[in-house]
Amino acid sequence: NYCFVPQSGGKGDLMVFRGSVADTTLGNQLFTINLKTNEIKQLTHHKGVSGEMVCPKTQEAFYQCGDSVFAVNAVTGQNRFVYTFPADFKGIRVGTINADGTYLACVKAADLEREIYAQYPTKAQYFDRIYNAHIEHRLYTLNVKTGEIKEIHRENDWTNHLLFSPVDPNILSYCHEGPWQKNDRIWNINIQTNHYALMHARTVINEIAGHEFFGIGGQHEWFDLQKPIGRTFYLAAFNMKSGKEDRCYQMDRNEWSIHFNVSKDEKTFCGDGGNPGQVARAPDGQYIYLFKPNGDRLKSEKLVN
């Protein structure tokens, strides 16, 4: 999720983040840091704040406390109530705000998923169980002005990882969670037409594509691509206008990163590397990397060990 709010008049851009406060009974709260002056301001004073979904256009950060959703203006600090989920939406979490600040998105799973989490609390225990159970999941949008909640899609797959396009308010990315080599992970849906589509189709056995993210300008949706898993490593992208994959940069095993990011002009990338226990089994990959495209490969620079 994007976390920056541009300011006018040279006052400095703001970054919204979640951090701890002296009163530990409140839990984490939302703050801004001014990237020009380093001034920090606390935005929220609710108990149990989760999420920091920022809409730069409206300067609002959306967050959730229990079953209720709120918004706070990152510049003025003014908080407002948005919505309370009904009792039959127990445990649901909003996940992302769209580009014009009109809709939030969330997923509601059948009760069996919560039962599996409760009985098998660690990822090693619940991950394959939830995937194999084919539990019904429903995608919803929440109108932040009217409070209308609307079902837009349902499926018997583990629906997760919601991300709205940073430029198109109607495009929502979501994934099918589970073992990446077993499922088709990356999907997009138009929240107005409910048309949905798979973004990357597997071309070899055990190929994986995941950890999808939009470029800041919304030109591409990027993802970690391995053909097959743990063998060859790429950072690839789906062109949101042409509907085709038109970027694919290979990297070495040590350069593979658990997460990547990209500059606004899409000419510079970064990655957080990986330890030997991750999928790449990198013997020397624990760095923050800077990447520059060089033909069909990424040329790396190690920034931090």
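Student: Thanks! Are Y289 and F291 buried or exposed?

Tutor: Y289 and F291 are both buried, where buried means under 20% relative accessible area, exposed over 50%, and partly exposed in between (1.4 Å probe, protein chains only). Keep in mind that this is a predicted model, where local features need pLDDT of at least 70, side-chain atom pairs count only at pLDDT 80 or more, and totals for chains, interfaces and linings use all residues. Residues are numbered from 1 along each chain as its sequence is written, and side-chain values use heavy atoms, with hydrogens and water left out.

Student: Okay, and how many aromatic pairs are there?

Tutor: The whole structure has 17 aromatic pairs. Rings of Phe, Tyr and Trp (its six-membered ring) pair if their centres lie within 6.5 Å; planes under 30 degrees apart count as stacked, over 60 as edge-to-face and the rest as tilted.

Student: Why does the pair of Y289 and F291 count as stacked?

Tutor: Their ring centres are 5.5 Å apart and the planes meet at 20°, so Y289 and F291 are stacked. F85 and F89 are stacked too, because their centres are 5.9 Å apart with planes at 15°.

Student: New topic: what sits over the ring of F127?

Tutor: That's the charged end of K123, 5.2 Å from the ring centre. A charge sits over a ring if NZ of Lys or CZ of Arg is within 6 Å of the ring centre and within 35 degrees of the ring normal. R129 also lies over a ring face, that of Y120, at 3.7 Å from the centre.

Student: And how many salt bridges are there?

Tutor: A search of the whole structure gives twelve. A salt bridge here is a side-chain nitrogen of Lys or Arg within 4 Å of a carboxyl oxygen of Asp or Glu. One of them joins D184 and R202, with the closest N and O atoms 3.5 Å apart.

Student: What about E151, which residue does it meet?

Tutor: E151 meets R154 in a salt bridge at 2.7 Å, N to O. E151 is partly exposed, because its relative accessible area is 29%. R154 is also partly exposed, at 43%. Another salt bridge links E136 with R138, at 3.0 Å between the closest N and O atoms.
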